Amino acid sequence: MTEVSRGHDQDLAPSALGRRVAILGAGVSGLAAAFRLNELARDAQRLLTVDLYESAPQPGGLVCTREVGDYRLELGPDSFITNKPGAVSLCRRLGMEDQLVPTDERYRRSLVLFRGRPVAVPEDFQLLAPSALWPVWKSPLFSPWGKLRIACELFVPKTRHPESDESLASFVRRRLGQEALDRLVQPLVGGIYTSDPEKLSVRATLARFQEMEQQSGSLIKALAKAATTRAPGHAPATGARYGLFATPRLGVGQLVEVLAAQVERSAQIHRGVGVTQLRRLPQGFELETSKGTKARYDAVILAVPAHRAAELLRHEQPVAARELAQIEYASTAIVVTGHRLSDVAHPLDAFGLVIPAKERRKILAVSFTSRKFALRAPEGSVQLRTFVGGAMQPELMERSDDELLALVRDELTDLLGIRWQPEVTHIARWNRSMPQYHVGHVERAARIESSLAQEPHLALAGNALHGVGLPDTISSGEAAAEKVWKGIA
Ligand SMILES: Cc1cc2nc3c(=O)[nH]c(=O)nc-3n(C[C@H](O)[C@H](O)[C@H](O)COP(=O)(O)OP(=O)(O)OC[C@H]3O[C@@H](n4cnc5c(N)ncnc54)[C@H](O)[C@@H]3O)c2cc1C
């Protein structure tokens, strides 16, 4: 890091080291931004200095894979979708595409809790709607009236206000009825966003279903057609949809390790150094760090959560900062446990179990992680990841680790018939980690971006604006790199 004192603007002139860019936050989005900047500089044969500041001791942010004995525990994300380009393209450019493994075909299905027992999610049900009615008809999940109401989706007229945003709950209630929402859609979508469906924006999270409504007049019709024609952009039927997920052989942490190592060939990662202040200078920016040092840069990328970005931008970009501060975040704990299969009565013949809020349990979902991917648990054992908290039960995050573990023990014993003698336990708490894309989010994101459009040397990356999954987060880092690269070119 170059330390400078205030008032020496000549330090900003392109030097022998070329232009200087600071990236705040070395989660996947910050690392992807650094990697992309170095690609751009290399292709243009230009000198560029890139510094990453990471307040935690290690890069990776929410991505964390930890080896404990023969277990490889996933404490954050465990996989990513491959029909969006971000993650797969990055793995290819990192030379690790051959390390990606698909999900295990034997267990490609999900379970949902119904009246206290796990039942299979009807085959061909894709998050919001089915592509075929027969599996819904056969499922014990819905009442005869609920099934009829789902079938009526074929005839529900499309909204006359396609331009307006709508909550997920309102959209599903309107198209498929309350039962479909309560018994299946809320837990399935809740498993991804840990959100309140009454507030979650369907346009910001699942816009393709709004498009289906407008184009085909019915989600069921559109999904059925996609299942037969496999139109690009439409996911295949449920079982095959699980085949769209992949992960590095040694866990998502392997991606961060390889990425950070490549980034460090040409950039510096300042571990354990947070940025506390950001000041606009006549040319460029001055940063102040938690170590009390200052440094100047031509351009800055903020790859930190929206509430952190809001604090750092409150003087220099007050309009964007106010909007960023209004993006709510939910907190989640993942209680990761390893068990001998002989201690589990349930066959665990699925990728996981989601729990509807109506079931009034204290857990959101359980991922049977080693049923999805090999090498996550020793032979004869299973890794379970139980999700607690989220936007609907924030009070549970106040429980101590012992209390969380006891809560998970009671729930898993009851739901899966586990004899509780875990081989390994680990609790990961992710406070204010999951941005909540509430109704109006798309417009808010547009306002933030338009207010930053006049500042070509400043960009945002991360999961706050355009998607929470790893592929979108990686793409956001790359887009931020391209924006500031243009600005300093
Ligand atoms: C529990 C959970 C499970 C998930 N599972 C999946 C999954 O299976 N698949 C999937 O695709 N996605 C999943 N996601 C989403 C995905 O993991 C995240 O969206 C993504 O990792 C976010 O990356 P990021 O770089 O934007 O942010 P982060 O990972 O949050 O990184 C931001 C970094 O900034 C640092 N920082 C903060 N303030 C400062 C500062 N002032 N100065 C310097 N550094 C700072 C932080 O320490 C952190 O390292 C999951 C998310 C959660 C919470």
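# Sheets and helix pairs in a predicted model

Helix α15, residues 401–416, lies across β7 (111–114), β8, β17 (329–340), β18, β19, β20 (381–389) and β21, and runs at about 115 degrees to β20. The model described here is a predicted one.

The strands under discussion belong to an open sheet of 7 strands. Their order is β8-β7-β18-β19-β20-β17-β21, and the pairing is mixed. The edges are taken by β8 (117–120) and β21 (424–435). Each of these edge strands has a single partner strand, so one side of β8 and one side of β21 are left without a neighbour in the sheet. On average, neighbouring strands of this sheet are turned by 25 degrees against each other, with direction ignored.

Strands of a sheet pair through backbone hydrogen bonds, in either a parallel or an antiparallel way. Several pairs in the sheet can be followed one by one. Strand β18 (residues 352–354) and strand β19 (residues 365–368) pair in the antiparallel sense over 3 bridges. In β19, A365 is the residue that stands opposite V354. Strand β19 is also joined to β20 by 4 bridges, and these two strands run antiparallel. Here V366 has T386 of β20 as its bridge partner.

On the next step through the sheet, β17 and β20 run antiparallel and are joined by 9 bridges. Within β20, Q383 stands opposite G338. How many of the residues of β20 are buried? The count is 9 of the 9 residues, so β20 is largely enclosed by the rest of the structure.

A second open sheet has 3 strands, in the order β5-β11-β6, with antiparallel pairing. Its edge strands are β5 (80–81) and β6 (100–102). Strand β11 (residues 245–248) runs antiparallel to β6, and 3 bridges join the two. In this pairing, P102 stands opposite A246 in β11.

The helices can be taken in pairs. Two packed helices are described by the angle between their axes and by the distance between the axes. For helix α1 (residues 28–44) and helix α11 (residues 252–263), the axes come within 9 Å and cross at roughly 40 degrees. Helices α1 and α11 are therefore oblique to each other. The crossing in which α1 passes α11 is left-handed. On the α1 side the contact is made by V28, L31, A34 and F35, and on the α11 side by V256, L259, A260, Q262 and V263. By class, the residues of this contact of α1 with α11 divide into 8 nonpolar, 1 polar and no charged.

The other pair consists of helix α12 (residues 306–313) and helix α13 (residues 318–325), whose axes come within 8 Å and cross at roughly 155 degrees. That angle makes α12 roughly antiparallel to α13. Again the crossing is described by its hand: α12 passes α13 in a left-handed crossing. The residues that make the contact are A306, H307, A309, A310 and L313 of α12, together with A320, A321, L324 and A325 of α13. The contact of α12 with α13 has 8 nonpolar, 1 polar and no charged residues.

Two residues in this part of the chain can be described one at a time. P305 has its place in the loop between β16 (299–302) and α12. Is P305 buried or exposed? Within 10 Å there are 23 other C-beta atoms, so P305 is buried. Leaving aside neighbours within four places in sequence, P305 is in contact with Y329, R432, G462 and A464. The C-alpha atoms of P305 and G251 are separated by 23 Å, and the two residues are 54 residues apart along the chain.

H307 is found in helix α12. With 16 C-beta neighbours inside 10 Å, H307 counts as partly exposed. Which residues does H307 touch, not counting residues up to four places away in sequence? They are A325, Y329 and R432. The C-alpha atoms of H307 and T49 are separated by 27 Å, with the two residues 258 residues apart along the chain.

Key. Residues are numbered from 1 along each chain as its sequence is written. This is a predicted model: local features need pLDDT of at least 70, side-chain atom pairs count only at pLDDT 80 or more; totals for chains, interfaces and linings use all residues. Axes are lines fitted to C-alpha atoms, for helices over the stretch in contact, and angles run from 0 to 180 degrees between N-to-C directions. Angles under 35 degrees count as roughly parallel, over 145 as roughly antiparallel, 65 to 115 as roughly perpendicular and the rest as oblique. A crossing is left-handed if the near helix is turned anticlockwise from the far one by less than a right angle, and right-handed if clockwise. Two residues are in contact if their C-beta atoms, placed from the backbone, lie within 7 Å. Ala, Val, Leu, Ile, Met, Phe, Trp, Tyr, Cys and Pro count as nonpolar, Asp, Glu, Lys and Arg as charged, and the others, Gly among them, as polar. Two strands pair if DSSP finds at least two bridges between them. A residue is buried if 20 or more other C-beta atoms lie within 10 Å of its own, exposed if 12 or fewer, and partly exposed in between; C-beta atoms are placed from the backbone.
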